[in-house]
Structures are given as structure tokens and as C-alpha cells.
Amino acid sequence: MERSEADRAGVMTFGESVRSRPDIYFRVGRDSPELPTEVLQTVVWDAMHRRDGSHGRVAVEISSDLGFTVEDDRLRTADDLGRPLPGFYGSLLDHARWAPAAAAALSSRTVIEVWLEGRGYRQELVGSQPVGPWEEFAAPAANGTRTTFQLDPAYCAPGEAIAWALVPSELHGEACGMHPPMAIRDLRAEGRGGSSEQNPST
């Protein structure tokens, strides 16, 4: 009902807005070869920069030309029982963090894991929409979030790919002036016999 009323009124959903104008969220348009890298950079920036001005610890793994995982140690907002509050479309995508939700809108598959006070929650999405309810699992850390994105190859222009040999300063952003620790692992380099690990910046 809500969707049909929105359609009649000509109002876009959040996911439709991102796919229609990715440049608003990621600085470049759909046909730009930089789009996958800009999506990754935006998700990393969101993961690293906290509202109080401090910086969190982030790890990045690039699994394919359009696939990547970002892990951070930020504490997720919770309800009175210590469970994650529902976010975008009732999913584990936190309302306080638009960047992962925007990246999910450009993805054919997203898997998000939230660790909250030692309890783990996992959910799969197609686009921004959850495939089903989140499930609990044994958390590998006390608090944090790990999100894996597979950008939609049907949406991205042919031949687009996340840039090779990325270094922490390129993902963190030089404008910040601070260089908190960040690990980058590119599995594509491993597949070609190259070095995949970027030492965390200090």
C-alpha cells in the first residue's frame, strides 16, 4: 500500500533515489569508471568517522572487481533489551549510517553482520531490501559491524572495477588530516600471485 501510494505521488524510495542519482551519494555518476571505488571509499569514510569526531578501526577486504567487505568497531544503536534497532527497511542497516544503505542499493547482494555486546546478528539483502529476518550467531568480537557488498554488475558500466593498489590514505581521505589504523587486503592480488596486504597507517 505504501509503495503504490508513493508511486502515484511520484515519490522515490531511498533505494530508487540512489540508483537514479548515484552522484548525490558517491560524487560520480553511473557511467563513471570511478563509481565502484567511490562507493568503497564512502563506506570506509562512514565506518571510520564517528559523530564525536573520533576515529574507529577499519579493515577492508576486496574480493573481486565489484565485491568488498568493510569491518569496523563502532557500537551499534540498540533497544532496551540490547538488540539492534531496526534500520533501513527494517533491516540491520543502521538509520544513523546512510552510506552502507546507499551502497546496498547499488548491490545485487549484501550481507551485514552486527556484533553488539558479544551477540551476533546476520542478515542478507538484495538491494536495500532484506531477504528475511536477521539471525543470531556467535559474535567474533564484542562490538562492531562487518558488511559485504557485491555491486550489481547489471547496474555498473561494463569493465568497471574497484581500483587496484589502494592505500589507506586514498580510502580514508586526505582532507581529514588524521591517519588512523586501516588494513586493506585485496584478494585479487593473491589470485595473481601478488601482494595483497597494505600495512595499517599509523
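Reader: Which ring does arginine 30 lie over?
Author: Arginine 30 lies over the face of tyrosine 155, 4.2 Å from the ring centre. A charge counts as over a ring if NZ of Lys or CZ of Arg is within 6 Å of the ring centre and within 35 degrees of the ring normal. This is a predicted model, where local features need pLDDT of at least 70, side-chain atom pairs count only at pLDDT 80 or more, and totals for chains, interfaces and linings use all residues. Residues are numbered from 1 along each chain as its sequence is written, and side-chain values use heavy atoms, with hydrogens and water left out.

Reader: And what does arginine 122 lie over?
Author: The face of phenylalanine 137, at 4.0 Å from the ring centre.

Reader: Switching to rings: how many aromatic pairs are there?
Author: Four in the whole structure. Rings of Phe, Tyr and Trp (its six-membered ring) pair if their centres lie within 6.5 Å; planes under 30 degrees apart count as stacked, over 60 as edge-to-face and the rest as tilted.

Reader: Why is the pair of phenylalanine 14 and tyrosine 25 edge-to-face?
Author: Because the planes are at 85°, with the ring centres 5.8 Å apart.

Reader: Is tyrosine 25 buried or exposed?
Author: Buried, at 17% relative accessibility. Buried means under 20% relative accessible area, exposed over 50%, partly exposed in between (1.4 Å probe, protein chains only).

Reader: What about phenylalanine 68 and phenylalanine 149?
Author: That pair is tilted, 5.1 Å centre to centre with 35° between the planes. Phenylalanine 68 is buried at 0% relative accessible area, and phenylalanine 149 is buried at 1%.
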